[in-house]
Amino acid sequence: MSVRVLLVDDEPLIRAGLRAIVDSEAGLSVVGEAADGAEVPGLVARLRPDVVLMDVRMPAVDGIRATTHLMSTVDEPPKVIVVTTFENDDYVYDALVAGASGFLLKRARPEEIVAAIRTVVAGESLLFPAAIRRLAAQHAPAPAGDGLASAGLTERERDVLRLVAAGLSNVEIASELYVGVQTVKTHVGNVLAKLGARDRTQAVIRAYDSGFVTPSR
């Protein structure tokens, strides 16, 4: 099955470039375009994309508001990758908190764009983990104990969350803990369910925001 991609950017040249990259890759296809976040709900309902490449800054409805709306109103929302000029932009962090699965820089190489789409669809590793950790660490509050104590994570699930936050994939976590990949998938699924997190990125944000993981650890 082809991965269906929706492009959302107020610059036609950016959309044209992204379309050329995505449509040239086997197994990926652009199913629609929008010039503003206000158009996203209707297009998602009609086109059912798997991934939305969403400009974080747009004149009417920006990527943060559009992502927030999708996550709160769509039963099975598509994965959202926000596209930005600056990776340390507070808008990027706000978009991740709103539910985006990761971000891309507008200067990203074609192979990075393709890899990003495939990564968020697979859901078994973080997209650009070092950058996401850096953003989460910059916005993490001062340590105040383990804010995830009430989540009821088992000790093994806590280990898995730490490794997810460190950017390890399921295969790497399996190797680290000497367990099978399917066992890791089960633990990751349990962690996401207990945290109310949609994906690994949201779990990492929760881990930092709660003080479970701190920038120094």
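At what angle do helix 7 and helix 8 pack, and how far apart are their axes? Helix 7 (residues 155–165) and helix 8 (residues 170–177) pack at an angle of about 130°, with their axes 10 Å apart. This is a predicted model, in which local features need pLDDT of at least 70 and side-chain atom pairs count only at pLDDT 80 or more, while totals for chains, interfaces and linings use all residues. Residues are numbered from 1 along each chain as its sequence is written, and side-chain values use heavy atoms, with hydrogens and water left out.

**Terms for the helix pairs**

- Helices are DSSP runs of H or I with at least four residues, numbered from the N terminus.
- An axis is a line fitted to C-alpha atoms over the stretch in contact, and angles run from 0 to 180 degrees between N-to-C directions.
- Angles under 35 degrees count as roughly parallel, over 145 as roughly antiparallel, 65 to 115 as roughly perpendicular, and the rest as oblique.

**Helix 7 and helix 8**

- Helix 7 and helix 8 are therefore oblique to each other.
- Their contact (heavy atoms within 4.5 Å) brings Arg156, Val160, Leu163 and Val164 of helix 7 to Ile173, Glu176 and Leu177 of helix 8.
- By class, this contact of helix 7 with helix 8 has 5 nonpolar, no polar and 2 charged residues; Ala, Val, Leu, Ile, Met, Phe, Trp, Tyr, Cys and Pro count as nonpolar, Asp, Glu, Lys and Arg as charged, and the others, Gly among them, as polar.

**Helix 1 and helix 5**

- The axes of helix 1 (residues 12–23) and helix 5 come within 10 Å and cross at roughly 70°.
- Helix 1 and helix 5 are therefore roughly perpendicular to each other.
- On the helix 1 side, Leu18, Ile21 and Val22 meet Pro110, Ile113, Val114 and Ile117 of helix 5.
- The contact of helix 1 with helix 5 holds 7 nonpolar residues, with no polar and no charged ones.

**Helix 6 and helix 10**

- Helix 6 (residues 129–139) packs with helix 10 (residues 200–209) at about 30°, and their axes are 9 Å apart.
- Helix 6 and helix 10 are therefore roughly parallel to each other.
- Residues making the contact include Ile132 and Arg133 of helix 6, and Val204 and Tyr208 of helix 10.
- The contact of helix 6 with helix 10 divides into 6 nonpolar, 2 polar and 2 charged residues.

**The largest pocket**

- About 170 Å³ of space lies in the largest pocket; a volume is the space filled by probe spheres set on grid points, which are joined across faces, edges and corners.
- On a 1 Å grid over the protein atoms alone, where a 1.4 Å probe fits, a pocket is an open set of points with protein on both sides within 12 Å along at least five of seven lines, and lining residues have an atom within 4 Å of a point.
- Of the 16 lining residues, Lys79, Gly123, Glu124, Asp199 and Arg200 are the closest to the centre of the largest pocket.

Conventions:
Helix = DSSP H or I, 4+ residues; strand = E, 2+ residues; numbered from the N terminus.
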